[in-house]
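Dear colleague,

I am handing over the structure we discussed, together with some notes on what was found in it. Please look through the model first and then read on.

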Amino acid sequence: MPKNLSIHKILVIGSGPIVIGQAAEFDYSGSQACLSLREEGYTVVLVNSNPATIMTDAEIADQVYLEPLTVPALTKIIAAERPDALLPTLGGQTGLNLAVALDQAGVLDTYNVQLLGTGLATIEQAEDREAFKQLMTTLGQPIPASLTVHQLDDALTFAATVGYPVIVRPAYTLGGSGGGIATTPAELREIGARGLSLSPVTECLIEQSIAGFKEIEFEVMRDATGTAIAVCCMENVDPVGIHTGDSIVVAPSQTLDDATYQRLRTASLAIVGELDIRGGCNVQLAQSPDTDQYYVIEVNPRVSRSSALASKATGYPIAKIAAKIAVGLSLAEIQNPVTKTTFAAFEPTLDYVVVKLPRLPFDKFTTAEPTLGTQMKATGEVMGIGTTFDEALLKAIASLESTPSLQTTLLPAVECHDAALVDALTHPTDQRLFHLFSALHQGWTSDQLAAVTQISPFFLHHFARLWAALQALHHTPCTAPAVEAAKQAGFSNEMIAAAMDCALDDVAALAPAPVYKMVDTCAGEFASATPYFYSTHFPGENESVPLGHSVLVIGSGPIRIGQGVEFDYTTVHCVQALQAAGYHAIIVNNNPETVSTDFSVSDKLYFEPLTVEHVLAIIALEQPLGVIVQFGGQTAINLSAALVAHGVKLLGTELAGIAQTEDRHAFEALLAELAIAQPAGATATDLATAQAIAPTIGYPVMVRPSYVLGGRAMAVVDSPTALAEYVQKAIDAAPHQPILIDHAVQGIECEVDLLSDGHQVFIPGIMEHVEGAGIHSGDSIAVYPPQHLTTVQQQAIIATATKIGLAVHAQGMMNVQFIVADRLYVIDVNPRASRTVPFMSKVTGRPLAQLATHLLLGARLADLGLPVGCPPAPARVAVKAPVFSFGKLPGLPTALAPEMKSTGETIGIAATFAAALDKALTDSYHLTRPQTGQTVLLDPTAAQDRELVTGLTAAGLQVATTPLAQQTPWAVINTAAHQTSRDPLNYWALSHGVALLTARATALGVLAAWA
Amino acid sequence: MAKFLYLEDGTQFTGTAFGAPGVGVGELVFNTSMVGYQEALTDPSYADQLLTFTYPLIGTYGVDPRRDQGPRAVCQAAIVHTLENEPGPTGETLAQFLTTQGVPGIAGIDTRALTKHIRTCATMKALLLDAPLTASFDSTYAALHSQRHKWPTPVAATMKAPHATHHVVVLDFGAKAGIEAQLLAHGCDVTVVAPQCSLAAIVALQPDGLLLSNGPGDPTDYAACLPLIRALQARYPLAGICLGHQLLALANGAQTQPMKFGHRGINHPVTLLDSGRTIITSQNHGYTVMPSSLAGTDLVVTAVEGNDGTIEGLALRHLPAFSVQFHPEAQPGPEDATGFFTRFNQLMQEKVTRYA
């Protein structure tokens, strides 16, 4: 079918800020789809409030709007742009909901905007529980029996009909909490009563249990001619019950025989056919391990996290093809971009194995509830590719950047025994995989594990064999054949060295080089030129031909709180600049969600763990001119010392300069030499020293370990008792590393990114934080240009940053953080691109990461047209606001502190600070200007805060301490020092969709700006 | 234990033995399916072939007797990257199954490199041996090839479908069990006969339709069967699958040719020319009908492969006969093409109606 020539301009809605469950995958699919539409000659208008995205780059769409994702904002844009069509299936649930709202508000009709791709009726049919049930019944597709109940008796009657066990799912509770599985009427009475009381609407879904079934996903594409294909079948290692985003997932499926596979495939295609899907669709099914019985669990009629994973797992670009289908093209006429010789209407076939592991935040937030269930909790994910299951699994584990000992021994830090072990196995957490190995360590058999976990024997047999092989290494001398065999089994050099108790260098010297294989969608059947490779230690042919004249860019790995999509953005920009400068750009990364691992972004993609071993192997083959570590966050910086030790040439700031900013003593000496003030401080490696130092510095003090990310284990403490507690945590987080103890200076926090050629320094602008020192910069509202700094103060910031940049011979990027108090203090320097680079790039119109890349390659500031110092700020004001996923993580500490907690960010650009805040806060805190007479709900601490209460009252707000019926408050403000998302007040705010402010500085700063 | 794989062009691989001891001799081919190894290994069309699996883990769900596609595994060898020893529902692993079936296997092969070699250099002769080759490849091959197992002549048998509406006689060139299963599921009684069967014997069976099955080898080796096919198509609705498709073409004046490395997998797109829809099909063939040879025949193309445009479906203009190059019975593979059997039923129904 030819493409739709009646439309010319297409509006695409992005997914907004990153929250758990809706993350970087939508930047990947959105960017891909926009480029795909432009390739077909359409004009693309894009709206997204998330600045840290490639999709909001000028190259991706013809017109980019960094505006709030609301009906009024979109209506304005539609009125101005008059698009012919809207493609709603690329922006996750946010984009879909907004498209539905625009349709219901009549905006689409008013402006004659047609919807492309899968229709809204279909979307509603798939998303509305009752409509979906009806559709499956019509199609004869089995679904687990379920009933929505408001009283316990109905639940008991239903359970008696369908039989026990049943699952109780309370409606609208935080993180799906309060539910459970009832195996008897007595249990149902207890769990049901609890669920009903916890649900704000006194509602529970009672569902027939399919616990122990295999969870299978099909990623399906369908076009308007009715042609439908299954792009990828993925099998969750965990049986149903754990959200697929939190599950260990393997592709292709391993334990389904052809008959079962085809039965599920046929069901998936029948469903997308009946739904009349035009694009991509995800179908989740449950398969009995013993019989032919299966159930349809869920259908997502849009691109998703799973479709991003499937694209990376197979090489088949689902979003790109989905966009072409949306404008009317058929699968049979769209070229397969991988082979370029075949067409999109085929099913990819793999000749390797892919294992995805979730990246969960409980290493950082040890007090949050780590139990995995139906509510997704992962912030990111890693993917390992290998030619065997074990190799892929171990590569994924090596990519996790988890506790090093866990990654080498496969055992959790604390092994559980007996009943505690059974509990750990039956109530999976982020440690699930490692408790399985711990059980094997304690002599469990795979049969015993199967009985407790209901994981398929195939996977358990592999875990058991892997464990036995690792144990055998303990009794194996470190010889070439032994190392070679261990490498073929999939073990990393670190694991082998630890098990054989020999030096890592000895193992590395004996290990044969890996070979690299291409990901080509067709298992080698057709010639392909995809520059997408993975390594294997299975001996054979190496397919990766070194590019020559290349530069290797180290990516940032899985998305974590503290290291988000911003670093994928900078990685991609670095590659673009390298290519523009005439170099071959090679990326190594392990995150399947992001743009940087789209094989069409770089000249070559190595999908590999970001470890010294894997990076050195790539360098050995490619012999790049240099390696860039500045854009991959702390992940890449942390590799720099080891890489340099192996003779690798880093482009940009030299290792000595990096160490000068990262090593506390060197940094102190440097600042002293430059006569730059920093908060009084000292280091300690044990508790006694810390307790001796703190009083001499003066409480409150800020404690933090060196060499960590996102303020992990960082805190402000005001007493010796609190100090003892936190120092222990810091030692646990980074053993043997010095702990930094600083006086917590009170003042205005600011930061700058700087670009330098080693001789001169350019500073794009100063960002002022609304919240003061003591709150992580990533969790602060930042404004550019600064609103409360004098010219003298600004000049001091610029001069100081310049001095530091020149002193460490910075080449490329650097980030400096300040506190403006009685004088100017420097509190932190990061020798790399920071979180604020995308924001400042969008606001200043200068692609900072690209410019910095040119500097790394030897350009001077003048060559790039960059001035020395800081140019005048534009007239407009830009605000960056943090976005939290508190509702997804029960038990997470919610008070803003030195430890970063936000998962994403929004941007607001306007003529004034107040107006920019209006925009930025819409999609972040969901906060609007207070209306006179609105109530504001305060916790006891906030209620006793005179300054705060005065400010709120002055804004016309009525202060309350308990929720009032029939009244939605303007916000909930909780300023208690110790609070979590489970605290009743926070819980109430999060479950009722009310703005939650947990720092008085945020409330005061915002009110002042709006006054 | 080591096992040795030798290719006609001198390429060699060493791996680990599994399955039955002994040699494999024949044509080296590759299959790209990620599921259905048991169905492929028991597919009679793989007779005389050494079967390479591109998916690296083979044996991940064991073996299930219900999945066999032929009375026994007749392929010459199984070539895999990594052998998995997971038991099936009856406890049987793939290695145990192949041992019982007398099929040798080799594991530990860089099957991707081997596949690319076949893709580049075309399907070629190969030997799988327990010991290194001592004589020349050609002489060893000739000696071993003459001693290989021959495909057994099928024994005529009838299977009854409940509430059957038609009776189909299958001319069995090496029919997969899936074909019978689909016919039965579509309400047809099935009688299987050998291709050497006489027209009179078939007429005596009073069939409503004839089906030419799949089977191994070069279709031109079956020239003796062509007169029978011509006689049958004049009398009965007739359908052909795979080799049966090629034989229908040959019987009606078209020609076939060998392909460079064939189509063996379950992900092949086929565009149905009547609806414009593309379906994903299961395929296993090394020969194809030459488009240029159709001129002047009664044959019309009904389907083509999405990637290389090869002929995937034919029909006679003036007689109720049609055929497909792919495997509509699947097993292994997608169930997208079962419309084939519905169509066959319709033709038989029309014939009944016309002569009623």
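A residue is called buried here if 20 or more other C-beta atoms lie within 10 Å of its own, exposed if 12 or fewer do, and partly exposed in between, with the C-beta atoms placed from the backbone. This is a predicted model, in which local features need pLDDT of at least 70 and side-chain atom pairs count only at pLDDT 80 or more, while totals for chains, interfaces and linings use all residues. Residues are numbered from 1 along each chain as its sequence is written, and chains are lettered from A and ligands numbered from 1 in the order in which they are written.

Ala862(A) sits in the loop of chain A between helix H30 (848–856) and strand E33 (877–883), where helices (H or I, at least four residues) and strands (E, at least two) are DSSP runs numbered from the N terminus. From Ala862(A) to Thr950(A) the C-alpha to C-alpha distance is 52 Å, for a sequence separation of 88 residues.

Elsewhere in chain A, an open antiparallel sheet is formed by four strands in the order E6-E9-E7-E8, two strands being paired if DSSP finds at least two bridges between them. Strand E6 (146–149) and strand E8 (180–182) of chain A stand at the edges with a single partner strand each, so one side of each has no neighbour in the sheet. From one strand to the next, the twist averages 25°. Strand E7 (residues 166–170) of chain A pairs with E8(A) in the antiparallel sense over three bridges, and Ile167(A) has Ile181(A) in E8(A) as its bridge partner. Helix H8 (residues 185–198) of chain A packs on this sheet, touching E7, E8 and strand E9 (204–208) of chain A, and its direction makes about 15° with that of E7(A); axes are lines fitted to C-alpha atoms, for helices over the stretch in contact, and angles run from 0 to 180 degrees between N-to-C directions. Contact means that the C-beta atoms of two residues, placed from the backbone, lie within 7 Å.

Turning to chain B, its secondary structure comes to nine helices and 19 strands. Of its 356 residues, 57% are buried, and 74% of the contacts in chain B with a separation of 6 or more are between residues 24 or more positions apart. Along the principal axes, the C-alpha atoms of chain B fill a box of roughly 65 × 45 × 40 Å.
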